[in-house]
Amino acid sequence: MSERDPTRLPTRVGHAEHGDNRFRGRSVRDELTGALPYWSLLSVAVGHRPLAVDECDLLDALSVAACAADPRIWPLKAVRLGSAAGSATLGMCAGLLVTDGVHGPRNTTDAAQLFETLRARLGDDDGDDALAAALEPELAARILPLPGFGVAARPLDERVTAFDAWYARDGRALGPTWTLMRRVEALLVARRRTPVNITGATAALLLDLGFTPAQVHLPALFVAMPNFVANAAEGAEQAPAVLRELPRAVVRYVGRPPRRSPRSR
């Protein structure tokens, strides 16, 4: 905000022009259309650089591996409730709102910050003892799993193992944060039995692509987005009345029997 005129709000994201639009300072017509892949466009949108084709391939593969569209999963259940009135848009909005906390991609920021904190504490000492010492303050500060770690009711996050299998087949070597994440996982599995989940894996991959912890939330949200879209589309198509109002036949009242007011006599 300008100090001289508090009513002015500067922007760097876009400018509408006659015959063209500017997006992050670039001509949509002459520079971006047909030249910028969608993941690269999202990268530029959050203030990062354009991504190379192979970097976009990584995010494509991660997004597919992250497909877990079961509507019983809590954020996706919210999508179903929102879309029950027949509006896929309302379902998407409900899903986005419930991810604005510990359930979903918002937690990617905390996981990314954890990796950056550990990297700063390690400095040039990259041994296992140094990593255990760097991790100790985080373990002492909380009983709950660290951000990006912990998998409910199963030994591993199948979304992470699907991505593991893909990049192993593809022969890719991932970056230093991914390596750090795996080392942290080994320590946490031994100490707390909390393997990495898709949030931690996404945070590590985005940091290795140069995103800052403050930038990872929205790309992480788009990694998970096909799950939201699938449930919003089907939920709006079904528009089930049972999600708007429970039938009387399935409701059982437990409590005192109805009483008549003495005044009604």
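**Note on cysteines, cores and serine 43**

1. The count comes to 0 disulfides, a disulfide being a pair of cysteine sulfur atoms within 2.5 Å. Cysteine 67 is in no disulfide. The nearest cysteine sulfur, that of cysteine 56, lies 17 Å away.

2. This is a predicted model: local features need pLDDT of at least 70, side-chain atom pairs count only at pLDDT 80 or more, and totals for chains, interfaces and linings use all residues. Residues are numbered from 1 along each chain as its sequence is written, and side-chain values use heavy atoms, with hydrogens and water left out.

3. Cysteine 67 is partly exposed, at 45% relative accessible area. Cysteine 93 is partly exposed too, at 38%. Buried means under 20% relative accessible area, exposed over 50%, and partly exposed in between (1.4 Å probe, protein chains only).

4. The largest nonpolar core has 45 residues. Such a core is a set of buried Ala, Val, Leu, Ile, Met, Phe, Trp, Tyr and Cys residues joined through side-chain atoms within 4.5 Å. Among the members that touch the most others are Phe115, Trp178 and Leu205. Helices giving two or more residues include helix 2 (38-45) and helix 11 (217-238). Helix 10 gives the most, with 7 residues. Helices are DSSP runs (H or I, at least four residues), numbered from the N terminus.

5. Leucine 205 touches Leu58, Leu59, Leu62, Phe163, Leu174 and Trp178, not counting residues up to four places away in sequence. Contact means heavy atoms within 4.5 Å. A second, separate core of 8 residues includes Leu76 and Leu221.

6. Serine 43 is in helix 2. Serine 43 counts as buried because its relative accessibility is 1%. Beyond four places in sequence, serine 43 touches His48, Arg49, Leu51 and Phe211.
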